[in-house]
Amino acid sequence: MLVVSAGFSLNRFLSKRLFWPCSALLILALYSCKKKEKIEPEAAKINFITRASAKDANVRVDTLLGFIQVELPTNYLRDSIDLILSLPQGVGTGPSLIDTDSSKVFLSYNFEGKQPREVPLYQSDGTKVRFKYFKVFVRHLGPLKATTQEKYIYFNALAQDSGPVDDGYIKFRLESGLGSIPDSPSDTSRLIPIIREVAKNITINGYYDEAYGTVGFEGISPFLGSQNVKIGFSYGQKTYLYPDPIEVLRAPPSAKIDLNYKSFKFLKYRETVNVGGGFFLLDSKYNLEFSRPGLNRPISITARRVNHHNLQIEIPESIPAGAYKVSSFEDGKGMSHSIYHVSSDASARSIHYIWKEDWRCPSQNFVDLPPEEVKVARGGYVNVNPFPLIVQNRNISFDPKKFTFKLVLRSQGREFSIQPDARADECYGDESLYMYYGRYLIPHEITPGLYEVILMDAAGKPSLASWQKILII
């Protein structure tokens, strides 16, 4: 069976195509040095194959054009053939075999949806060596037939605001009716996945994503909610539609603010900000809520729908500067939660993330919504990195002077300052950048309790209050 979702490997195909010609030339060169025979690569009129056969198949050889045509009957259900090539004396599949009495070559070919198989043959008359490639084409005379275990096809909802996100992917398996591609020397057909709305007679052709091994369709939002959608394939004059309808569903949207705002940019007052991640419906209502501990109730901002893949909000001046949990909603249903920072002060700092684990690559463990409380024992350690992130190219040596922020803990009028041990995450930016952070030792004499957290720079300017707090036990 051909699993269409897997596709064929272009790298494997190209390597095979390049390996045989290079190997043939190398072998012929070595053979020439040994035998001192003249090599002639052109051998169009030589009878390299006397007969070719395969069980349950009609096989024809065209020596002049260099191909073997296999035709399979309607009831042939295997996806491979066992081909037997009868060769005249002096012909072999390699220079080392042409002087032997090797009269037959047995070739197994898994043909379904694959490129035609190439077979190199060599002939010698004792003074010259000639070679020729034969391509094996397989044509299946039966109709296309396929099956799938999928009942739904989902939109891809991973994109932010870079383009439409109504692309869908599905796994499918062809059972019969397909030979090699192409299935004859003159064939120019392609195997094309199709999705069709039967009642409206709307058809969209799909494509193969060889890198990910999937069958995909672009722009399938017109099929959303329809009960008459079918999936199939076409190849030349053959078309197959799976008999059972398939439902087109929209994957849950995420609706997140642009990623730059998570690590490097403050949300500024009166700024228009893009929100992406998903397929947004024309008739739905969208809003984002800003919340943090100490705020009586979330501040809701209505999002304007720009198109299917983009919303916009404007940051009002009524939101106090600081770090917020930002939650997105579609018709009152939550979609995502992330931490963002609001300020129009160009010199402002905030806290990006607080964690206690001794991670080698902290940035690879960060999540969109960190824990609201980080529990740490007296005498233990806590790690904090600032917002915006402090990063540096790893071609430059680590400089502890780049991170001098004191950690300030506040609770019920009490305040404790802790000096940093400057550290750097070496995995940030695909291991091309340092991401600076501080590691802090919680003193034994500190009073247990829940503490608000800020960073204090060398000039004594405090950061905005963190969304996270530290619980000391």
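Me: Which residues line the largest cavity?

Reply: In this predicted model, the lining consists of A255, K256, I257, L288, V326, S327, S328, S336, S338 and Y340. Residues are numbered from 1 along each chain as its sequence is written. Because the model is predicted, local features need pLDDT of at least 70 and side-chain atom pairs count only at pLDDT 80 or more, while totals for chains, interfaces and linings use all residues.

Me: What makes a space a cavity, and what makes a residue part of its lining?

Reply: On a 1 Å grid over the protein atoms alone, a cavity is a set of points where a 1.4 Å probe fits but cannot get out, and lining residues have an atom within 4 Å of a point. The structure holds two cavities of 30 Å³ or more. Volume here is the space filled by probe spheres set on the points, with grid points joined across faces, edges and corners.

Me: Which residues line the second largest cavity, and how do they divide by class?

Reply: A323, I339, H341, I351, H352, P370, S466, W467 and Q468 line the second largest cavity. The elements giving two or more residues to that lining are β28 and β29 (350-355). Strands are DSSP runs of E, at least two residues, numbered from the N terminus. By class the lining has five nonpolar, four polar and no charged residues. Ala, Val, Leu, Ile, Met, Phe, Trp, Tyr, Cys and Pro count as nonpolar, Asp, Glu, Lys and Arg as charged, and the others, Gly among them, as polar.

Me: Why is S176 called buried?

Reply: Buried means under 20% relative accessible area, exposed over 50%, partly exposed in between (1.4 Å probe, protein chains only). S176 has 8% relative accessibility, so S176 counts as buried. This residue lies in strand β14 (residues 173-176). Not counting residues up to four places away in sequence, S176 touches Y76, L77, E112, H140, P143, L144 and K145, where contact means heavy atoms within 4.5 Å.

Me: Why do β22 and β28 stand at the edges of their sheet?

Reply: The open sheet of seven strands has the order β22-β23-β26-β25-β24-β27-β28, with antiparallel pairing. β22 and β28 each have a single partner strand, so one side of each is left without a neighbour in the sheet.

Note on methods
Side-chain values use heavy atoms; hydrogens and water are left out. On a 1 Å grid over the protein atoms alone, a cavity is a set of points where a 1.4 Å probe fits but cannot get out, and a pocket is an open set with protein on both sides within 12 Å along at least five of seven lines; lining residues have an atom within 4 Å of a point. Helices (H or I, at least four residues) and strands (E, at least two) are DSSP runs, numbered from the N terminus. Two strands pair if DSSP finds at least two bridges between them.
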